[in-house]
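We will walk through it together, one stop at a time.

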Amino acid sequence: MKKIEAIIKPFKLDEVREALSELGVSGLTVTEVKGFGRQKGHTELYRGAEYVVDFLPKIKVEVVVSSAQLETAVDAIIKAAHTGKIGDGKIFVSSVEQVIRIRTGETDETAL
């Protein structure tokens with residue numbers, strides 16, 4: 001099993017969710033996060049005062065899939081989240097050793 005963490009632009013969330021559900025991914029976790037990469041933030045003007053916005057709003061999508069679904073899930077996220085502009089985000093993939101469904105006690109693949 002693999003855990004996919006995708007940091008995407010907020011307005012791309014619905015497209016990513018729909019793309020994953022088309023693949024049969026049944027659950028995901030979404031978190032509002034802030035951060036920066038190569039964008040390095042930007043400067044804004046508010047009531048005549050200029051200030052630097054270091055951390056930009058992003059969405060973190062976390063999903064655990066079987067190893068067989070990994071490539072198609074990653075491809076779906078890339079296609080759905082892509083705008084071609086700086087700040088599209090990143091995808092991190094890591095291994096998951098064990099999954100346990102609390103309600104039923106099911107483990108691993110059956111718990112997904």
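Predicted model: local features only at pLDDT ≥ 70, side-chain atom pairs only at ≥ 80, totals over all residues.

Helices (H or I, at least four residues) and strands (E, at least two) are DSSP runs, numbered from the N terminus. Residues are numbered from 1 along each chain as its sequence is written.

Let us begin with the whole chain. There are 2 helices and 6 strands, and their order along the sequence is β-α-β-β-β-β-α-β. The C-alpha trace spans about 60 × 30 × 20 Å along its principal axes. The radius of gyration of the chain is 17 Å, whereas a compact globule of 112 residues would have one near 13 Å; this quantity is taken over C-alpha atoms, and the globule rule is 2.2 Å times the number of residues to the power 0.38.

How much of the chain is buried? Of its 112 residues, 30% count as buried, where buried means under 20% relative accessible area, exposed over 50%, and partly exposed in between (1.4 Å probe, protein chains only).

Now look inside. The largest nonpolar core has 18 residues, and Ile4, Ile8, Val16, Leu20, Val65 and Ile77 have the most contacts inside it. Such a core is a set of buried Ala, Val, Leu, Ile, Met, Phe, Trp, Tyr and Cys residues joined through side-chain atoms within 4.5 Å. At least two residues of this core come from each of E1, H1, strand E5 (56-65) and helix H2 (70-81), and H2 gives the largest share, 7 residues. To see one part of this, find valine 16: leaving aside its neighbours within four places in sequence, valine 16 is in contact with Ile8, Ile77, Ala80 and Ala81.

Glutamate 5 lies in strand E1 and counts as buried because its relative accessibility is 19%. Beyond its neighbours within four places in sequence, glutamate 5 is in contact with residues including Lys60, Glu62 and Phe92. Lysine 9 sits in the loop between strand E1 (2-8) and helix H1 (13-22), and lysine 9 counts as buried because its relative accessibility is 12%. Not counting residues up to four places away in sequence, lysine 9 touches Lys58, Thr83, Lys85, Ile86, Gly87 and Asp88.

Our last stop is the segment after strand E6 (89-95), where aspartate 108 is placed. Valine 99 is also in the segment after E6, and valine 99 counts as buried because its relative accessibility is 15%. Leaving aside neighbours within four places in sequence, the contacts of valine 99 include Met1, Val64 and Asp108. Is aspartate 108 buried, partly exposed or exposed? With a relative accessible area of 30%, aspartate 108 is partly exposed. Most residues other than glycine have a negative phi. Aspartate 108, however, has a positive phi, near 50°.

Conventions
Heavy atoms only, no water. Contact = heavy atoms within 4.5 Å.
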